[in-house]
Amino acid sequence: MQKSITSFFKPKTEGAEVPVTPKKEKSAPKIITKEESPPEAKKPKIKSEDEEDTENIKMETSQDETKVQPKTEPKSPAAKKVTPMQLNSAAPVSQEEEENYDPSMETYHPLKHAYWKAKGVTPYLALARTFQVIEETKGRLKMIDTLSNFFCSVMLVSPEDLLPSVYLSINQLAPAYEGLELGVADTTLMKAICKATGRNLAHIKSQTHLTGDLGIVAEQSRVSQRMMFRPAPLNLRGVFQKLKEVAKISGQSKMTLVYDVFVACRLSEARFFIRSLIGKLRIGIAEQSLLTALALALVKKNHHEECKLNKVGDVYKDEIAETTLLLKTTYCQCPNYDIIIPAILKYDIKELSTRCPMHPGMPLRPMLAQPTKGVHEVLERFGGMHITCEWKYDGERAQIHCNEQGEISIFSRNSENNTAKYPDLIARSKNFIKKPVETYIIDSEIVAWDVERKQILPFQVLSTRKRKNVDIDEIKVQVCVYIFDLLYINGMALVTKPLSERRKLLLEHFQEVEGEWKFATALNTNDMDEVQQFLEESVKGNCEGLMVKTLDEEATYEIAKRSRNWLKLKKDYLSNVGDSLDLVVLGGYRGKGRRTGTFGGFLLACYDAENEEYQSICKIGTGFTDEDLKVHSESLGKSVISGPKSYYRYDSSLEPDAWFEPVQVWEVKCADLSLSPIHRAAIGIVDNERGISLRFPRFIRIRDDKSSENATDAQQVANMYQSQDQVKNNQKICTQMDMESEFY
Ligand SMILES: Nc1ncnc2c1ncn2[C@@H]1O[C@H](COP(=O)(O)OP(=O)(O)OP(=O)(O)O)[C@@H](O)[C@H]1O
Ligand SMILES: [Mg+2]
Ligand SMILES: [Mg+2]
């Protein structure tokens, strides 16, 4: 049964606005068009395409319709005098106060400016305004400061809204490993927008194509529309609940749910509600920024009475640094806001780490490695430190957990639950226990195994294994687990211990079983000739190369980090680039000649987490067998969409014959990376106008274990570009020339 929308809206008496008519009717919201609206209607803040002829309405908007970034310039609420009496009264909040809410202002006060104080329920508009201000803000620090002001108000005024506020800010509904995801199809959203605004679908589509942002189009359609009677304002918790419901249901009811909330959206609420549903907020609040903002909010909350908020950063520097570290470390061991947020609200921050411990069953984001281009780089980095080299197995990363009940779970590199994929491993999980253990978390690589020849099989064989509902008797591809780390044992987290100790405990508690459980072949050496030789042996042993790791100093397990203390040394390191890239397939080009009937080439992109967009990096047509092309055409054929997503960045000259959902990640090798006037990868990082593209890209394989947001990111592309020898040499020449020109 569908819940009534009023059940999660604020009661109408609580400041519901009726902008058009003073008559309050108890009927469903009626949409009336501009023509019907009386002349005294409230001025819209954003210009819409069909209002240009309306002379008596003055617009506050940019002239350029193609860049329809809504420009709201809030009058500073500081300018409005708020007396102490008003602060405590339950007087209705003025519309102006709501619309001008601005947590980025210098004089922000978490209680004074939390206009929802009297009600204790956070309006969704407060969050939307926060996002809007953040979107208009340049600079990560200011963004964090703004978000922290909002969080601080929520903690003081309506603490139970902190959890949904956090989730909404990172556009998640639950811990990532629970797999509850948004990402409603653009067409479903467009239909809901049409229904709610009376616009036609073609118009919404063309506007979206023009602006590249359905959120903005939704907001504009909403703003230019007059309503006879508005539903009560949305509150944050209610919207969060609705989003959860939307994620769980399918079909037509999804559209109805979206519509229900959308009709009640005011101002930028429409933009962010729609963007949440698309799955891309486009305000760049990444995980680390969110944790920093939360830490800052906690310190601000502790001192809001003694100190001006904008001074907190200077006065309590140490406390901020300590809180941030505590929070980030806790999040690493317990990546679950459902546990962390209540603990933050209840306990002293110093207790956080013990209140939210690492726990088998809850996946940790794995430690990652930096690429290198040769043994010389290993020496440069680790000279003088104790290091170990391990064979780098080419399979699938697996974090294997055993909880107090003896239940085993297996998580992927991506923290997805892969347990059901490996019933064979579960069945033989007792075999490798040497000394009785209650609980553990091990880090390992699962590799396809040739039982007869007793040897490792290529990754491609592993990828043919069934993923879901695997029946143990029907398994065709056998696997062997190569264990390389121990993160937790018998109730004790080991991540802060050095690798040498972790390895000792691993060997103490576990044992090898031929063809089932093995320890990664390792060699502790500082002799680079031996490293080189070991690398060659690893390749003969069907491995990809080596992982070189610190043993004692700087040798903790750095959860979720691409660490400099783990270097990957691949067999084909001699190539200029050093590593392959994992790229998202955005579109396909029809094949010619022998490839007629399938796609013959594809448009690939990297992911830019900051702007939450896919940026084109190359066209690819090499490395595929005919069979590959058939398989890709079939599987991608299921993901064809009618047009590019609003968060695809590409040049129109690259327009493919078919666009795809961003669902497939391909591993690709290339000869080198170069600046490109057409491609958009890493644009703005190395060069303001040009992106980076791959030269001679070659398809290697599908990466089923990486989600599209785990694809190589724009910063990595920029780093790879910059670390190429010829770029380095060029830079040397440039700096030399600069220096010389100073002299002459
Ligand atoms: N001995 C080992 N120690 C650590 N990792 C290993 C080892 N053997 C194999 N691996 C695998 O190597 C991976 C790191 O190198 P790889 O290039 O395959 O990374 P990736 O999954 O492509 O991710 P990225 O390229 O983003 O780092 C690890 O995530 C792990 O799956
Ligand atoms: Mg790998
Ligand atoms: Mg890789």
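Biologist: Let me start with a pair of helices: at what angle do helix H4 and helix H5 pack, and how far apart are their axes?

Modeller: Helix H4 (residues 140–157) and helix H5 (residues 162–169) pack at an angle of about 160°, and their axes are 9 Å apart. Axes here are lines fitted to C-alpha atoms, for helices over the stretch in contact, with angles running from 0 to 180 degrees between N-to-C directions. Helices themselves are DSSP runs (H or I, at least four residues), strands are E runs of at least two, and both are numbered from the N terminus. Before we go on, this is a predicted model, in which local features need pLDDT of at least 70 and side-chain atom pairs count only at pLDDT 80 or more, while totals for chains, interfaces and linings use all residues. Residues are numbered from 1 along each chain as its sequence is written, and chains are lettered from A and ligands numbered from 1 in the order in which they are written.

Biologist: Why are H4 and H5 called roughly antiparallel?

Modeller: Angles under 35 degrees count as roughly parallel, over 145 as roughly antiparallel, 65 to 115 as roughly perpendicular and the rest as oblique. The angle of about 160° therefore makes H4 and H5 roughly antiparallel to each other.

Biologist: Which residues make that contact?

Modeller: H4 brings Leu147, Phe151, Val154 and Met155, and H5 brings Leu162, Ser165 and Ser169. Two residues are in contact if their C-beta atoms, placed from the backbone, lie within 7 Å. By class there are 5 nonpolar, 2 polar and no charged residues. Nonpolar means Ala, Val, Leu, Ile, Met, Phe, Trp, Tyr, Cys and Pro; charged means Asp, Glu, Lys and Arg; the others, Gly among them, are polar.

Biologist: What makes H3 and H4 roughly antiparallel?

Modeller: Helix H3 (residues 124–136) packs against H4 at about 170°, with the axes 9 Å apart. H3 is therefore roughly antiparallel to H4. In this contact Ala126, Thr130, Val133 and Ile134 of H3 meet Met143, Thr146, Leu147 and Phe150 of H4. The classes are 6 nonpolar, 2 polar and no charged.

Biologist: How do you know that Ser415 is buried?

Modeller: A residue is buried if 20 or more other C-beta atoms, placed from the backbone, lie within 10 Å of its own, exposed if 12 or fewer, and partly exposed in between. Ser415 has 21 such atoms within 10 Å, so Ser415 is buried. Ser415 sits in the loop between strand E6 (408–411) and helix H18 (423–427). Its phi is near 65°, a positive value in a residue other than glycine. Most residues other than glycine have a negative phi.

Biologist: Why does Glu554 count as partly exposed?

Modeller: Glu554 has 14 C-beta neighbours inside 10 Å, so Glu554 counts as partly exposed. Glu554 lies in the loop between strand E13 (545–550) and strand E14 (562–570), and also has a positive phi, near 45°.

Biologist: And what makes Gln241 partly exposed?

Modeller: Gln241 has 17 other C-beta atoms within 10 Å, so the label is partly exposed. Gln241 belongs to helix H9 (residues 236–248). The C-alpha atoms of Gln241 and Leu173 are separated by 8.9 Å, although the two are 68 residues apart along the chain.

Biologist: Is Ala605 buried or exposed?

Modeller: Ala605 has 27 other C-beta atoms within 10 Å, so Ala605 is buried. Ala605 is in strand E16 (residues 599–608). Not counting residues up to four places away in sequence, Ala605 touches Leu583, Val584, Leu586, Tyr614, Gln615, Ser616 and Ile617. In the protein, buried residues make up 43% of the 744 residues.

Biologist: What surrounds ligand 1?

Modeller: There are 13 residues around ligand 1, and the closest are Glu390, Arg397, Phe484, Ala520 and Met547. A residue is near a molecule if its C-beta atom, placed from the backbone, lies within 6 Å of it. The shell has 6 nonpolar, no polar and 7 charged residues. Strand E3 (368–371) and strand E4 (387–392) each supply at least two residues of that shell.
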